[in-house]
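Hi everyone, thanks for coming.

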Amino acid sequence: MKPVQIAKDIYDVGVTDWNIRDFHGYSTYMGTSYNAYLILDEKKVLIDTVKKEFSDQLIHNITRIIDPRQIDCVISNHTELDHSGGIARIMHEIGENKPLYCSKMGKKNLSLHWPHKYNYQPVENGQELSLGRRTLSFLEARMLHWPDSMFTYVKEDKILFSSDAFGQHYAGQENFDDQVGDAIMPHAQKYFANILLPYSSHVLKLLETVSNLKLELDMICPDHGIIWRRHPEKILDAYVRWSRQIPQKKAVIIYDSMWESTGKMAEMIGAGLDSEDIEIKPMRLRKWHRSDIMTEVLDAGAILVGSPTLNNGFFPTIGDFLTYLKGLKPKNKIGAAFGSYGWSGEAVPLIQAMMETMKFKPLSAGLKIQYVPDNEGMKACFEFGQKIGRAMKEK
Ligand code: FEO
């Protein structure tokens, strides 16, 4: 339990949010944590805070190590309120005139969240701050995932405080990667797919910068979930892989159904894909959360979306998902639409049109079946799946 010492004179004083299940539309079945880091040197510094409602707990955790009034300055790596929500309380405790280091955009964004005129000290990319025995170096991480995002690196300890990057929504008694093992990777993948995916090119650029600067990373400390101390290279490699979005022989079949016709189509299309040795992930909306579906979309080669036609449009859950999908800007996908209809049949062409705006590679005009698929319709679905499977193997 926190606080936990992560290196000599460096502590995670953040909090565990065991009960959160919905993080602004992202399902957090395992809860999360808001990590905040205290470095004790000649200068004592707090990196990031926590959600506002956990401020007392943050103060309590700090108090178990030092009197909060001994903190000389605060670093805000990121403005979003799960990390800056405790700023007002912390600054009140330590002294409101003490320096608050942040990026230039951080100063702007923090000012738009907090009316008090704190002693903001905007830093440049690469700027250093001596704490005495240690030197901090600030690294711009613009759009990972907000314009204000930055990382803080401790040269002497080779520790990177990486804000949201490399994080996972995971609440547990474990604090480090070696305590959880590979079971942490799906949580990291889900985090990437739902938070960082639209900024994949920024991720690759930043990792290149880190490599060019020859920053040694003994430990990566994100603001959510476990700290990477044993195998930081594992999450770095995964971020390169996920950012490149290299399509796998995997098809995600996302659908909803009113009277099971579109459901039957989904099943038979899946059988066609399976016959071509494609891994399938049939995921029915109203059964699967959009953020779990995105985790599967991340490395899929094909995205199939099936919807009945309802009131001349697609089913509402499909609209919700397509809006979410579009915003996350996945790349390198084959796209296909299917669905049952009664008399007008707009859902399939509407989905196709959405997929075109997302630059998915369309395979055909999609597959529509009136009312209930008969034997011929089921055969058409199977062949539709086969056709997509073959196209995936040709890529
Ligand atoms: Fe964990 Fe972007 O806040």
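The second largest cavity takes the largest share of its lining from α7, with three residues. A cavity here is a set of points, on a 1 Å grid over the protein atoms alone, where a 1.4 Å probe fits but cannot get out, and lining residues have an atom within 4 Å of a point. Helices (H or I, at least four residues) and strands (E, at least two) are DSSP runs, numbered from the N terminus. Before I go on, please keep in mind that this is a predicted model, where local features need pLDDT of at least 70 and side-chain atom pairs count only at pLDDT 80 or more, while totals for chains, interfaces and linings use all residues. Residues are numbered from 1 along each chain as its sequence is written, and side-chain values use heavy atoms, with hydrogens and water left out.

Back to that cavity. Its space comes to about 40 Å³, where a volume is the space filled by probe spheres set on the points, and grid points are joined across faces, edges and corners. Around it sit L144, F151, A165, F166, L196, V203, L206, L207 and Y239. What classes do the residues of this lining fall into? Nine are nonpolar, none polar and none charged. For the classes, Ala, Val, Leu, Ile, Met, Phe, Trp, Tyr, Cys and Pro count as nonpolar, Asp, Glu, Lys and Arg as charged, and the others, Gly among them, as polar.

How many cavities of 30 Å³ or more does the structure hold? There are five. The largest cavity has about 90 Å³ of space. It is lined by 13 residues, and K2, S33, E174, N175 and G225 are the closest to its centre. That lining divides into four nonpolar, six polar and three charged residues.

Now to the pockets. A pocket is an open set of points with protein on both sides within 12 Å along at least five of seven lines. The second largest pocket brings us to α7 (200-212) again, which gives the most to the lining, five residues. Along with α7, β13 (135-140) supplies at least two residues of that lining. The residues involved are N125, L139, E140, A141, R142, L144, S201, H202, K205, L206 and T209. By class they are four nonpolar, four polar and three charged, and the space is about 230 Å³.

The largest pocket holds about 330 Å³. Of its 18 lining residues, M258, P308, T309, Y341 and G342 lie nearest the centre. Here α9 (261-275), β20 (309-310) and β22 (334-341) each contribute at least two residues. The lining has eight nonpolar and 10 polar residues, with no charged ones.

Let's look at a helix next. Why is α6 described as largely enclosed by the rest of the structure? The reason is that 10 of the 12 residues of this helix (residues 185-196) are buried, and buried means under 20% relative accessible area, calculated with a 1.4 Å probe and protein chains only. Among the buried residues are M185, Y191, F192 and L196. The buried part of α6 packs against β5 (26-27), α7, α8 (232-244), α10 (290-297) and α11 (316-328).

Two loop residues deserve a moment too. S149 is in the loop between β13 and β14 (150-154), and D148 has its place in that loop as well. S149 counts as buried because its relative accessibility is 1%. Its side chain reaches the backbone oxygen of L144 at 3.2 Å. Leaving aside neighbours within four places in sequence, S149 is in contact (heavy atoms within 4.5 Å) with N77, H78, E140, A141, R142 and L144.

D148 also counts as buried, at 1% relative accessibility. A polar atom of the D148 side chain lies 3.2 Å from the backbone nitrogen of T79. Those two residues are 69 residues apart along the chain, yet 6.7 Å separates their C-alpha atoms.

Finally, the domains. The domain assignment, which is automatic or taken from a database, gives domain 1 (4-244) and domain 2 (251-394). Taken over C-alpha atoms, their centres are 38 Å apart. Where the domains meet, 14 residues of domain 1 are in contact with 14 residues of domain 2.

How values were computed: Buried means under 20% relative accessible area, exposed over 50%, partly exposed in between (1.4 Å probe, protein chains only). A polar contact is a pair of N or O atoms within 3.5 Å; within protein, one must be able to donate a hydrogen and the other to accept it, and residues adjacent in sequence count only if both atoms are side-chain atoms.
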